[in-house]
Amino acid sequence: MPDQPTPTLPPDLHAASDHERLAQDRIPADVLAYIEGGSGQELTLRRNRAAFSRHAILPRLLQAMGHGHTRLHLLGQALPHPILLAPVAWQKLVHPQGELDTARGASAMDTCMVLSTLSSCSLEDVAQHAERRWFQLYWQASREHTLALVRRAEAAGYSALVLTLDASVQTPSLRAQRAGFRFPANVQAVNLQGLPPIPLPAIGPDDSAIFQGVMSTAPGWDDLRWLRQQTTLPLLVKGVLREDDALRLRDLGVDAQIVSNHGGRALDGAPASLDRLPALRRALGPDHPLLLDSGIRSGRDVFQAIALGANAVLIGRLQLHALAVGGALGVAHLLRTLREELELCMAQAGCATLADITPDLLLSLPPEASC
Ligand SMILES: Cc1cc2nc3c(=O)[nH]c(=O)nc-3n(C[C@H](O)[C@H](O)[C@H](O)COP(=O)(O)O)c2cc1C
């Protein structure tokens, strides 16, 4: 067998955010526009990052650190750190191995990967490489089709289901449209290939393509209640921003919630996820697990999210950047660096464990002081 080239990483990778910088030259311009872009005018996309700059960290002095660690328990699972990989579709857009390499990188760092319904590698193939794995579910056009995906995920050993509810319809990304982005033929939603298509209802001349078209098969509260009864796996809902929804979801038996605006790719005009976190934590009390994504680019961002009430966070775009930069090795490097950045921030702020990262460590800055 010919020698395989030893995988290497670029020498100038020092911070998690370096993956974002280096990916800019490694991903074709139209694909990059699709990945980086937010929906519409990108108001929410910008808010996500701005929210992290509106807090300063107030360190505690003279804290004992010798027993420090980043471990946590989440949904009955013991995790070595609070950083998960968010569901991100179509990963073959940036690397020929796609989600398989992401899974290898995640497993090397003992990290939980949440696989998208719209992955470009099959959920069964990815399961061979992802030791810790959850499955992200997009509601399909019928309960029967949705259940078919749930049963496949259960059979393949996924240990939780994440139902995404904020993207039944998405505002197009103007950035991607202007760049002329089109999906290449070799990048397909392979998990859906076995499902017979369900035709959308015919639209009359006075009907709306949105309301009577796409949204006519979107899920409602009854569907969620039904789904809860179909599986014993922990069920998370992704895309929560309102207290009333959060309380209703908890009462319905959802096990955990992900505060998210889909990385600014769903409703343009929605608030930053980070800005909604404190109110959601207050509404739900201390015990209901809350995760957060949208805008995280460093271990310090992870620290802030935990201080404001998150149990754990998910990483979206950065994982694609790392995959483009170095395949599985890039993803592993990203996760190790994020964890080290978090540990450093914890140690400097006087927090030996995640439980020590409390809201009083954050200082809200006036707008003129934020950066
Ligand atoms: C290219 C791309 C594809 C995505 N695909 C999915 C998906 O299939 N399912 C889903 O629930 N979220 C999807 N998301 C949203 C992410 O799970 C996550 O909410 C978001 O990327 C977090 O923001 P960040 O990119 O700033 O970290 C996608 C995001 C991107 C950038």
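Which helices do the buried residues of helix 2 pack against? They pack against helix 7 (174-178) and helix 13.

## Model and numbering

This is a predicted model, in which local features need pLDDT of at least 70, side-chain atom pairs count only at pLDDT 80 or more, and totals for chains, interfaces and linings use all residues. Residues are numbered from 1 along each chain as its sequence is written.

Helices (H or I, at least four residues) and strands (E, at least two) are DSSP runs, numbered from the N terminus.

## Helix 2

Helix 2 covers residues 29-36. Its buried residues are V31, L32, Y34, I35 and E36. Buried means that 20 or more other C-beta atoms, placed from the backbone, lie within 10 Å of the residue's own.

Strand 11 spans residues 312-315 and is covered on both faces. A312 and L314 are buried on one side, V313 and I315 on the other. In a regular strand the side chains alternate between the two faces of the sheet.

Strand 11 pairs with strand 4 (residues 83-85) in the parallel sense, over three bridges. Pairing requires at least two DSSP bridges between the strands. L85 stands opposite I315. Strand 10 (residues 290-292) also runs parallel to strand 11, joined by two bridges. Here L291 has A312 as its bridge partner.

Strand 10, helix 12 (residues 299-307) and strand 11 form a right-handed β-α-β unit. Right-handed here means a clockwise path from the first strand over the helix to the second, viewed with the strands pointing away.

## Helix 1 against helix 13

The axes of helix 1 (residues 16-23) and helix 13 (residues 317-349) come within 7 Å and cross at roughly 160 degrees. Helix 1 is therefore roughly antiparallel to helix 13 (angle over 145 degrees). Axes are lines fitted to C-alpha atoms over the stretch in contact, with angles from 0 to 180 degrees between N-to-C directions.

The crossing is right-handed: the near helix is turned clockwise from the far one by less than a right angle. A16, H19, E20, L22 and A23 in helix 1 meet residues of helix 13, including L318, H321, V325, L334 and E341. Contact means C-beta atoms, placed from the backbone, within 7 Å.

## Helix 10 against helix 11

Helix 10 (residues 243-252) and helix 11 (residues 273-284) have axes that come within 9 Å and cross at roughly 40 degrees.

E243, A246, L247 and R250 in helix 10 meet A279, L280, A283 and L284 in helix 11.

Key. A residue is buried if 20 or more other C-beta atoms lie within 10 Å of its own, exposed if 12 or fewer, and partly exposed in between; C-beta atoms are placed from the backbone. Angles under 35 degrees count as roughly parallel, over 145 as roughly antiparallel, 65 to 115 as roughly perpendicular and the rest as oblique. Two residues are in contact if their C-beta atoms, placed from the backbone, lie within 7 Å.
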